Amino acid sequence: MELRSTNIRHQSPFKDLDWFTVVLYLLLVIGGVISIYAASYNFDKASIFDFSEFSGKQIYWIGLSLVLGFMILLIEERLYETYAYPIYIAILILLLVTIFIAPNRKGSHSWLVFGPVSLQPAEFAKFATALALAKLFGGYNFNLNAKASNYLKALCIIFLPIVLILAQHETGSALVYLGLLFVLYREGMSGLVLLAMTMAVAIFVVTIKYTEHTTLSIPDGEFVVYIILMVAMISMLIFYSKTLTVARNILVGFISASILIWMLGCLGIHVNGTYFFMTLIGAATVYILIELMHTRIMRLAAIIAMTVMTIGFMYSVNYVFSSVLQPHQQQRIKVSLGIENDPLRAGYNVNQSKIAIGSGGLTGKGFLMGTQTKLKYVPEQHTDFIFCTIGEEEGFIGTTATMLLFVILILRIIHIAERQPTTFGRVYAYCVASYLIVHFCINIGMVIGLCPVIGIPLPFFSYGGSSLWGFTFLIFILLRIDASRRLHH
Amino acid sequence: MRKDYKLEKRKYVIAAFLIIIATIYAFRLYNLQIRDTRYKDFADNNAFFKKTIYPSRGLIFDRNGELIVFNEPAYDVMMIPRDVEPFDTLDFCNTVSLTREQFDKRLDDMRHAPGYSTYTPQVLLTHLSVEDYGRLQEKLYRFPGFFIQKRILRQYNHLTAANVLGNIREVSPADIERDPYYSPGDYCGDLGVEKSYNDALRGQKGFEILVRDAHGRIQGRYEDGARDIPAISGRNLTLSLDYRLQEYAESLMVNKIGAVVAIQPKTGEILAMVSSPTYDPSKLSGRQRGANYRELVNDKFKPLFDRSLMGVYPPGSTFKPGQGLILLQEGIVNLSTAYPCYHGFVSGGLKVGCHGHGSPIPLKPALQTSCNAYFCWGFKSLVDNHRSKYGSAAEAFETWKRHLVSMGYGYPLGTDLPSEGRGFLPNAEFYNKIYGKNRWSANTIISVSIGQGEILATPLQIANVAATIANRGWFITPHAVKEIQDSTIAEKYTTRTYPTVDSKWYPEIAEGMRMAVLGGTCRLANLPDIAVAGKTGTAQNPHGRDHSAFIGFAPYDDPEIAVCVYVENAGFGAAFGVPIGSLIIEKYLKGKISPERQYIEDNMLNSNTIIYSGVKKH
C-alpha cells in the first residue's frame, strides 16, 4: 500500500494535465500582451519587447507566471488542501496590514510597493479564499443545509476578505467575491437567494430609473415594482406553495379592485397609488398569514417574507441611493442606467470606450491602427478598458472571438469541476469559474456601457502583474488538483 | 463520495447564466460595431483635427485693370471649448487687449450663439490687431484649446461703387444650413458682385488633417499630409465698371437722391452704376462692420438700397422713344402722321398738358419737343381705333405690353447683380379688375402712354432701352462683370437680344432723340465735338417735386456710351438729368470737360436737391 502510493505519487502531474485549459490560458495571455502593446503604442515607441513599455513588462510578468504555474504543478496537490486555512489566514493578515502600510493610490490603499514592483494582495486573496471555501465544504460529511452555522461559516470565509478589501477602498475587487454565491448555490443553497438578488437588482434599477412619469400619482418605477410584486405573489402561491385556492382568491381580489379603481378614475375620482397598492398587498398578506396559521404550510411564510422584504427594499432604495451613496457613485449609476448623459465627466470613459469599440466595425481598423487607442482617448485603456482596444482594432470579430474564448474557458472549468472526485476539488473549481464569470460580466459590461464603471480588470488581458499572477494561481492550482483526479478512486 | 445528481444539474443554471450574459453582450457589440455607423465618425472627429486653410478671396479690378478690392490678412481667435483647460484669464485678456468684463461677455455671447458646440471651433474674437496677434501667437502654448485662424479682410483702393462691389460678412446659421461648405466664422459675399459672384470669388477651402490626442495636443500630420486638401484661391473678377467714371458720376450725384447707369451699348457692359446717396464700402469691412451696418440700415436715405437696380420710378418722357417704336411697328403711325397739340391732349373732357410748340406735329419733332399730345393720340389710336386689327381694347393693350416687355420693361433684365427690381407694367387683366371688363378705354389709362400712371421701371431698364436705341435695335443684357479669371461669363452677357420692334424703326427714333439735343429739350447736352442723342424725362410722382430724368447716347453714329440719369425731386429733366448725363458722356468720351461747359460741372457738383426730397434727416 505504502509502496503503491509512493509510485503513484511519483507519477508526473503532466500526464493528466488538462492541456485544453493550458492552451486557452496561453491564448488569452498572448492576446492580452498584444492588446496591451496596441493600447500603449504611440508614435515613437515601436518594440513590443521594450521593457520600459507596458507590453514589455507584461511579457516579463507572463514569463514569471509560467515559471510560477510550472512550480505550482510540481507541488503535491494535497498540500493545498492541508494548508488551505493557514494560507487563507496569512492572506487575511496581509490584507489587514496592507490597509495601514499601503500608499494612497487614487484613493485606494491596496498596493504593496517593493521598489519598482507593486503587488495587490487582493488579487492573491482570491485563490486563498477559494481554497478555504473548498476546504470547508470538503470537510467530513459537511452539508451546507444541515445547520445554519454551516452557512455562517461559509459566509464568514467569503465576507472576511470583502470587508478587508472594502477597507482598502477597492470596491470593485470586493464585489468579485459575491460571485462565490454561485458556489453556494451549486452546493445546495436555495435558488431563491439568487432569484431574490436578481429581483433586488431589477427593483433597484426600475425604481431609480423610471421616476420621470407617474401613474396613479406615484412614479412609474414604483408602480411597476408593485405590479411585479403582485404577479410574484400569485405565481409563488401557485408554483411554490401550491395553494391554488389562495392564489385564485387573491387574484380575483386584485382584478376586481383594479376594475373598481378604473371605474372611479372614469368618474373623475383619482385614488393615490400608494394607498391603493398598500391596501391590496396588505390585505393579501393578512389573508396569507391567516391561511398559514390554518394550514401550517411553511412556504407561505416565505411568501410573506418576500412581500415584506420587497416593499421594504423598494422604500430603502431611494433612501440608500440619495443618502448613502457618494455623489460620484450616484453619477456612475445614473450614467450607466442611461438616466444622465454626461460624456465629459462621469460618462467620459464609457463614452470614449463605446466610440472606440463602435468605430471598429466588423473587422476592426487593424493592429496598431486604432485612433482612439493610439491617441489615448480612453483612460485606463491598457488595464480595465483593454477590451476596447480589441474592439477598435480587431472589430466585432475580435470582440466576439475574445468573449468566446472566455466562455469556453469558463464552461471548461465547470466541466472540470464536475469531474472532480472530491468536494474540495469541485468547490475550488467552481470558485475559479465564479471569479471568472464576475470579472467577465462586469468588465466587458462596463466597457460596452451596460454596467456601471466598476474598476476590475479583464482576466489575462488587462495589464498588471498582480492580476495575472492571481489568475495564474487560480488556474494552475486547479490544473494541479485536476491532474491527480484519478488518484482518489 | 456521495454524488448529488440533483445538485449537479445546477451547473446548467450557472452555465446558462454565463451564456445568456455573453449573448446579450454579443448583441450589444453587434449594435455598437456593425449596426450603428455613427461611432466611426465620432472616432474620426476625436482623432482628426481638420485645420481649415482659407483661400484668398478673388481680387476685383475695374475694366482697365485698376485694382479696386484686395485682401489683407486678419486674425480671429478661435477656441474649441471642449479642449480648453484652466488658464490664466487675466494674462489672456491683457494679451488680446480686453478687459475681464468684455472677455466674459464675449464668452457668454459665444455660448448663446446659434450653432454653438463644445466640439467644434468657435469664434471668440474677430479681427485681432497685428500687435495683439503677435503677442498672442507667442503665448498661445499657454492657452490650450485656443488657436488663431487666419482670415482675410477686404480692403479698397478706391472708395467707390459700394453698391456694385458689395461686401463680405460672416455667414449666418441659415447660410450654414443652406450650404454645407460653410462653418461658423466663415465669410460670404453680401450685396453686389461679392454676393452674385461669391462662388467664383471664395475659392475652395483646404484642409490640413492633423492628428490630435485626448488632451487636444497635435501629434503630427495624418499620413504626412497625404490626405490634406490644399486651398484653391478665389478667381479674380474684372468689372465692366470704369472706376474713374464711377467716381465722377458719384461726385455729380452728391447731395442728390437718385441713380445713374451708364452702359457700353455694344457689349452691354455697365460702365458706371451710381445709387445716391452712396457710402464708403470699407465701412462694411472689419471689426466695425456691425455698427456701421446698423447705421446704414437706419439711415433715412437708405444708402444700402441700390436705386439704380432696385429703385422703381415712373419713366416719364424717357418712355416716349419706346412708344414711338411701338406705334411705328404696329403701323398706327407712319413718319408723316401728325397729331394736333393744343397745349396738350384734349379728348372727352380729359386734358393732358403740354408745352408750347407747333401743331400738328409728326413723330420726330414730337420726340424733339417731348410732345405729350402726340403719344396720347397715338396710344388712343392703338387702343381704341384698331378694333378690327386687335379685336378689343384689351388685346390691343396686351400687344402694346408685349413690345415693352421685349424691350426689358416689367421683368428683371437678368443682370449679374443681386436683387434686381422688376418695375411694373400693368396688363389688361389689371385694368379689368379696376374698371371692369370692357369698361375701360385709352382715355381711362392715357397716362401710361407718356410713362406715367401705373408704369414703373428701374434706371437699369431705362438705360437698357437707351442702349438698344444706340445699337439701333438690339441689346446685350447689362452686366457688371466683364471677365472671370480662368472662366467665362454667362452666355446671356455676350449674346444679342432683339426686341419685337423691327430694327428699321430704330434709326428714326434715334434721329428724333438727336433732334432733341440739337434743338429740343436736351440742348444742354449738345457737346461741341460729340454728337449726342437724348431724351429728357420729367416724371410726376407722388413723393413731391418731379423727378428729373435723362436718357442719351453718344457718339450718335457709333455709340460708345448710353446713359440714364434719375434725380429724385429735382424738377424738369433739363434741370439735372441732362447736365449730369451729358457731363458723364463727355467725361467718358473725352476724359475731361471742355472749358465752356465747366460751369455746368461746377453747378452740378455743388447743387443740392436732397432738400426737396421731403426726408427729414433727424
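## A buried tryptophan

Let's start with A:Trp61, which counts as buried because its relative accessibility is 10%, and buried means under 20% relative accessible area, with exposed over 50% and partly exposed in between (1.4 Å probe, protein chains only). A:Trp469 is buried too, with a relative accessible area of 17%.

This is a predicted model, where local features need pLDDT of at least 70, side-chain atom pairs count only at pLDDT 80 or more, and totals for chains, interfaces and linings use all residues. Side-chain values use heavy atoms, leaving out hydrogens and water, residues are numbered from 1 along each chain as its sequence is written, and chains are lettered from A and ligands numbered from 1 in the order in which they are written.

## Rings that pair

Rings of Phe, Tyr and Trp (its six-membered ring) pair if their centres lie within 6.5 Å; planes under 30 degrees apart count as stacked, over 60 as edge-to-face and the rest as tilted. By this rule there are 47 aromatic pairs over all chains. A:Trp61 and A:Trp469 are edge-to-face, because their ring centres are 5.3 Å apart and their planes stand at 85°.

In chain B, the pair of B:Phe553 and B:Tyr556 is stacked, with 6.4 Å centre to centre and 15° between the planes. Both B:Phe553 and B:Tyr556 are buried.

## Charges over rings

A charge sits over a ring if NZ of Lys or CZ of Arg is within 6 Å of the ring centre and within 35 degrees of the ring normal. The charged end of A:Arg299 is placed this way over A:Tyr240, 4.4 Å from the ring centre. In chain B, B:Arg496 lies over the face of B:Trp474, at 3.6 Å from the ring centre.
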